[in-house]
Amino acid sequence: MAPDGRDDGADARVVVVGAGISGLATAYFLRERLETGAKVLVLEGESRTGGKVRTASVAGHPVDTGPDAFLSRAPELRRLVDSLGLADLVVEPQSTGTFIWSRGRLRRLPPGTAFGLPERLWPLLRSGLLGPTAVARAGLDLLLPPTPLPEDPSVADVVRPRFGAGVYDRLVAPLLGGVHAGDPARLSATSTVPEIAAMARSGRSLYLTLRRRRRSAPPAPGRPSAPLVSLRGGLGALTGRLTEELGPGTVLTGTTARTIERDAAGCYTVRTDHGTVTARQVVLATPAYVAADLVADLAPRAAGLLREIEYVDVANITLAFRRDQVPALPPGTGFLVPPAEHELVVGCSWLSQKWPQPADDQVLVKAMVGRSGDTRWLAMDDAELVDGVRDALRRMLGIRAEPVASLVQRWPGAMPQYVVGHAARLSALDAALAAAPGLLVTGAAYRGVGLAGCVAQADATATSLLAAQGAHA
Ligand SMILES: Cc1cc2nc3c(=O)[nH]c(=O)nc-3n(C[C@H](O)[C@H](O)[C@H](O)COP(=O)(O)OP(=O)(O)OC[C@H]3O[C@@H](n4cnc5c(N)ncnc54)[C@H](O)[C@@H]3O)c2cc1C
């Protein structure tokens, strides 16, 4: 690799490994704040950038096969979207409402349900999601004494004693399965859903705390009203624009980092298949298990902690149907399936109903498979996955038609799990990385799995790098 634009004797001031949203945003924020001429390099193993952000085409429609929405009120991500000139592309869902496949039927999640926790009991009873006994048990939350919680409670530790097994199995578990592909009995409430953990600590009754929270946080005027938004044409525009802004001299695709060494002067050498690149600072914006291999010699204790971060394999299957061949879908954006139903499908988005798209004679649905403890899909080939999803759609939505197009997207090792002990592991990791000054990790494995969390961490990572540069200037 020909070193150009030497920076203090090194090829670059900072080398970022991984050009997913985390690596690209870290490099972008650095470039915004560094003096002109300071070189940042991003090494990406694949031939494309974006990582899990991927917009494909199904029957001529853009389909996000990784993330398809982001939190509209996340400040760092909104600032990034604005600064990339993408604000005009922001779109809100066309319809609202989620269904749960429960006890043989699709049942609407009652309005005012936050993270699967009910804010009102009467609509919960009317939804038929739970039987009357389970709803009455949920109401006991109002009467029960405070629940003693361990230092880092799981989501189950917080929810089950207050609302009972019904709410936990039929509401919370499918919602967390849809977002994190995780098992709420293992996920840390504080690290995964900090809002639930904070509510559990701030009052005796979760139900009353939820209602107070809603009353004290009315929607802010002038902002998108939907909590989750997307970009017209797909979220690939976000990582695509970041890549363009950084430029081909900065982002090197097809360049897998293989090893990292540090010399006596504290300069890092990253070895790739095409040569080596040197820098004073290195950011690993890869999955944690890749970062573990890269730091194994430099910081073995950090490598061990990185390897402890668990991942779940997921996939999604998008099917396009002729509109005149499928029954009308219920008004809403899709459905989720509780693990207790033992279905292959974890959830399904009704894409053509969820996001604006040109008037068209096709219906697009995207089904998710795979979650913690359910790896059945790994043994299935693409045709079997399509058949499995069609079987579910036949029973759940009455769709019997042949799809006109299909796309299977496999994401092995894709969903990091913030299991109980995650925060303590991160503190230990920070301490262990002190063995390699100037080497940082950032991304979905650490302090926020979603795009908003990744961009917020990228912002903080850029700030830390600059602070360290200032300290050593
Ligand atoms: C199916 C699915 C749906 C999701 N839905 C949503 C959603 O709707 N909303 C939301 O906010 N979030 C969602 N997420 C989460 C979100 O997409 C991810 O957490 C986020 O995109 C991760 O970004 P990242 O940059 O940290 O990691 P990645 O996207 O994994 O990027 C890491 C990059 O590092 C590269 N790399 C790995 N090893 C090396 C190496 N040795 N050398 C060089 N490069 C290397 C990889 O090729 C990759 O490009 C979803 C995730 C999945 C899988």
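Select strand E3 (residues 55–58) and strand E4 (residues 61–64) in this predicted model. Four bridges join the two strands, and they run antiparallel. Pick Thr55 and look across: Asp64 in E4 stands opposite. E3 and E4 form a hairpin, with two residues between them. Click on Ala59 in the turn: its phi is positive, at about 50°.

**A three-stranded sheet**

Next, select strands E5, E11 and E6. They form an open sheet in the order E5-E11-E6, with antiparallel pairing. Strand E5 (70–71) and strand E6 (90–91) are the edge strands, and each pairs on one side only. Now zoom in on E6 and strand E11 (residues 228–231). Two bridges join them. Which residue of E11 stands opposite Val90? Leu231 does.

Move to helix H2 (residues 75–83), where you find Pro75. Is Pro75 buried or exposed? Pro75 counts as exposed, because it has 12 C-beta neighbours inside 10 Å, and the cut-off for exposed is 12 or fewer. Then draw a distance from Pro75 to Leu86, C-alpha to C-alpha. The two are 15 Å apart in space and 11 residues apart in sequence.

**The domains**

Color the chain by domain. The assignment gives domain 1 (12–52 + 234–309 + 422–472), domain 2 (55–95 + 311–413) and domain 3 (109–216). The C-alpha centres of domain 1 and domain 2 lie 30 Å apart. Their contact takes 18 residues from domain 1 and 18 residues from domain 2. On the domain 1 side, helix H9 (236–246) and H15 each supply at least two residues. H9 gives the most to that side, with six residues. By class, the domain 1 side divides into 11 nonpolar, three polar and four charged residues.

**Around the ligand**

How many residues surround the ligand? There are 37, and the closest are Gly18, Gly20, Gly51, Pro67 and Gly450. Four elements to highlight are helix H1 (21–33), strand E16 (310–322), strand E20 (405–417) and helix H15 (451–472); these give two or more residues to the shell. The shell has 21 nonpolar, 12 polar and four charged residues. Keep the domain colors on. Domain 1 and domain 2 both give residues to the shell, so the ligand lies between them.

**Helix H4 and its two sides**

Go to helix H4 (residues 132–139). Ala134, Val135 and Ala138 are buried here. They cover an arc of only 100° around the axis, which puts them on the same side of H4. An α-helix has 3.6 residues a turn, so residues three or four places apart point the same way. Turn to the face of H4 away from its buried side: it carries the exposed residues Pro132 and Thr133.

**Helix H10, enclosed**

Select helix H10 (residues 288–295). Six of its eight residues are buried, so H10 is largely enclosed by the rest of the structure. The buried residues are Ala288, Val290, Ala291, Ala292, Leu294 and Val295. To see their cover, show strand E13 (257–262), strand E15 (275–284), helix H11 (300–307), E20 and strand E21 (439–441), which are among the elements there.

Start with Phe115, in the loop between strand E9 (113–114) and E10. Its phi is near 55°, a positive value in a residue other than glycine. For comparison, most residues other than glycine have a negative phi. Phe115 counts as partly exposed because it has 18 C-beta neighbours inside 10 Å.

Jump to His342, in the loop between strand E17 (334–336) and strand E18 (345–349). Here too phi is positive, near 55°. His342 is exposed, with 9 other C-beta atoms within 10 Å.

Finish at Asp374, in the loop between strand E19 (362–369) and helix H13 (382–397). Is Asp374 buried or exposed? Asp374 counts as buried, because it has 20 C-beta neighbours inside 10 Å. The cut-off for buried is 20 or more.

Conventions
Residues numbered from 1 in each chain as written. Predicted model: local features only at pLDDT ≥ 70, side-chain atom pairs only at ≥ 80, totals over all residues. Pairing = 2+ DSSP bridges. Near = placed C-beta within 6 Å. Nonpolar A, V, L, I, M, F, W, Y, C, P; charged D, E, K, R; others polar. Domains from an automatic or database assignment. Arc of directions from axis to C-beta. Contact = placed C-beta atoms within 7 Å.
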